[in-house]
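This briefing covers two chain interfaces, taken one after the other. Please read it beside the sequence and the structure.

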Amino acid sequence: PRKHELISHLKSGKNFLRNQDPEKAFVEFKAALELAQSLGDPIEEKKAARGLGASLQRQGKYREAIKYHSMVLAISEREGEDSGNTEAYGAIADCYTELGDLERAAKFYDNYISRLQSD
Amino acid sequence: PRKHELISHLKSGKNFLRNQDPEKAFVEFKAALELAQSLGDPIEEKKAARGLGASLQRQGKYREAIKYHSMVLAISEREGEDSGNTEAYGAIADCYTELGDLERAAKFYDNYISRLQSD
Amino acid sequence: LETVPTIKKLRAYAERIRVAELEKCLSKMGDDISKKARRAVDDLSRGIVNKLLHGPMQHLRCDGSDSRTLTETLENMHALNRMFSLET
Amino acid sequence: LETVPTIKKLRAYAERIRVAELEKCLSKMGDDISKKARRAVDDLSRGIVNKLLHGPMQHLRCDGSDSRTLTETLENMHALNRMFSLET
């Protein structure tokens, strides 16, 4: 039931993102993140964090977006399971590029690139 | 029943190709082509023709391969349905490249390239 | 470091294609698709894009210690900008 | 015309990736996959590859009448050869 609610927030979030409404998407992903955390579901927790990062990026809030994309990396480390990391490294690098911090962007892109060939 | 036999020849042909045995693949695709023609099934007919082309290509028989890849284009024209054409133009061009006829290869690649963006 | 914005643009270019093709595929497959299948199809789309981008991306990131020269890296960047119309 | 062999090699390079990823996907999806789904997944893999290759391929084929110069086309070819290791 709460898992069902969680999935439905993720789905709405994605739809809002697709329809260019990142503010509403943010609200959905935020609700999803809290549910995923209380349910102890790391896979959905990562999806919510990634969604939050993407929503903030679309709003031009790059510093905050980095915070949520980094959360994906932190969850991976905590769980010993690295799905979603390639995308997170790429997204963080995109944000640093937007912020003009090319030095830091390059470091994250290097992590991203080194993972492109693995599955 | 005969349709079932046709599908099974196509499947074996693909497996032989995957296992680097183009001679045996050719035999399977040849049987599939004859069945498809007698059943009047243009979609499977194209698959068989493409398989025959690929089998011959792997054997270095580029002129014969072109014949079968061109058959895909002919079936498309006959049926007014162009699935498989992009791949056929590309494969014919590959054969001409192998034969050293870059002039003709370029013409077929141009047809191939102009179709890459469509579905 | 001049090549960093090109990496970002090339990623975005490929991601647009990936998402558009994935949505077409999912709509063809209909709603009766299992979670496992959904995941496999998503992995397929990412796998193809990532493996195709690996070479170009790597050749946009080679400075200093690397054997590839800066000139070559910049030439790669210019070619990619042209070929994918990344500067428009 | 010097670029023609590069077109062939780039096509083959991308096709190897496409087939490998497609087979991984199909094996994950198992045998219970419908013909329609099989077709949609195949189209997805071809769609992504074809759309990603369109730009580079187009920029390997421009001679004479075209506004792009031969020099630029050759530069594109050299960059692609490097980035996809097409000459090894």
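How many salt bridges does the rule find across the interface of chain A and chain C? The rule finds six there, a salt bridge being a side-chain nitrogen of Lys or Arg within 4 Å of a carboxyl oxygen of Asp or Glu. This is a predicted model, in which local features need pLDDT of at least 70 and side-chain atom pairs count only at pLDDT 80 or more, while totals for chains, interfaces and linings use all residues. Residues are numbered from 1 along each chain as its sequence is written, chains are lettered from A and ligands numbered from 1 in the order in which they are written, and side-chain values use heavy atoms, with hydrogens and water left out.

**Chain A with chain C**

- Contact (heavy atoms within 4.5 Å) joins 24 residues of chain A to 18 residues of chain C.
- The two chains bury about 1,900 Å² between them, with 55% of it on carbon and sulfur atoms; buried area is the accessible area (1.4 Å probe) that two parts lose on being put together, summed over both.
- One of the salt bridges pairs Asp110(A) with Arg61(C), whose closest N and O atoms are 2.7 Å apart.
- On the side of chain A that touches chain C, two or more residues come from each of α1 (2-18), α3 (42-58), α5 (85-98) and α6 (102-115) of chain A; helices (H or I, at least four residues) are DSSP runs numbered from the N terminus.
- α6(A) provides the largest share of that side, eight residues.
- By class, that side of chain A has eight nonpolar, six polar and 10 charged residues. Ala, Val, Leu, Ile, Met, Phe, Trp, Tyr, Cys and Pro count as nonpolar, Asp, Glu, Lys and Arg as charged, and the others, Gly among them, as polar.

**Chain D with chain C**

- Here 33 residues of chain D are in contact with 33 residues of chain C.
- About 3,100 Å² is buried between chain D and chain C, and carbon and sulfur atoms give 72% of that area.
- In chain D, the residues losing the most area to chain C are Leu52(D), Arg82(D) and Met83(D), together 23% of what that side buries.
- Eight salt bridges are found across this interface, including Lys28(D) with Asp43(C), where the closest N and O atoms are 3.1 Å apart.
- α1 (4-29), α2 (35-58) and α3 (70-83) of chain D each supply at least two residues of the side that touches chain C, and α2(D) gives the most, with 14 residues.
- That side of chain D has 18 nonpolar, five polar and 10 charged residues.
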